[in-house]
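Q: I would like to learn how to read aromatic contacts in a model. Can we work through an example?

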Amino acid sequence: QVQLVESGGGLVQAGGSLRLSCAASGSIFNINHMGWYRQAPGKQRELVAIITSGSSTNYADSVKGRFTISRDNAKNTVALQMNSLKPEDTAVYYCNAEVNKYYGGTYYNYWGQGTQVTVSS
């Protein structure tokens, strides 16, 4: 099995910063994409940022210039540095990884349990 464990959420004032971290463990041969998604109350889950194994990145327009995603392939970790936070960034943030368990195996998506980020105005 594969587990994704997130940490780093919390309460911060508008304009502040938080850093989210996620560590993948278990039966892992290779991780393709890793990313962060978020879901606010009453809204659908949306992509925040994604990073490939080659460190190419893509961001939601709403976070460009404020958030930075990074990963450590040796440690199977991904991080999200969030600066200049806004109240509209308030959501549960989920880590995601596309993992295969052996050479040539099918890649499957795995999710963390989510971590709450609350930005007060």
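A: The model is predicted. Two rings pair if their centres lie within 6.5 Å, and by this rule there are 2 aromatic pairs.

Q: How far apart are the ring centres of Phe29 and Tyr103, and what kind of pair do they form?

A: Planes over 60 degrees apart count as edge-to-face. The centres of Phe29 and Tyr103 are 6.2 Å apart and their planes stand at 80°, so this pair is edge-to-face.

Q: Where do Phe29 and Tyr103 lie in the chain?

A: Phe29 is in the loop between β3 (18-26) and β4 (30-39), while Tyr103 is in the loop between β9 (91-100) and β10 (108-111). The pair therefore ties together parts 74 residues apart in sequence.

Q: Which accessibility class does each of these residues fall into?

A: Exposed means over 50% relative accessible area, and partly exposed covers the range from there down to the 20% limit for buried. Phe29, at 47%, counts as partly exposed, and Tyr103, at 71%, counts as exposed.

Q: What is the geometry of the pair Tyr37 and Trp111?

A: Their ring centres are 5.0 Å apart with planes at 70°, so this pair is edge-to-face. Tyr37 belongs to strand β4 and Trp111 to strand β10, and the pair links these distant parts of the chain, 74 residues apart. At 38% relative accessibility, Trp111 counts as partly exposed.

How values were computed:
Residues numbered from 1 in each chain as written. Predicted model: local features only at pLDDT ≥ 70, side-chain atom pairs only at ≥ 80, totals over all residues. Heavy atoms only, no water. Phe/Tyr/Trp six-rings, centres within 6.5 Å; stacked < 30°, edge-to-face > 60°. Helix = DSSP H or I, 4+ residues; strand = E, 2+ residues; numbered from the N terminus. Buried < 20%, exposed > 50% of the residue type's maximum accessible area, 1.4 Å probe, protein only.
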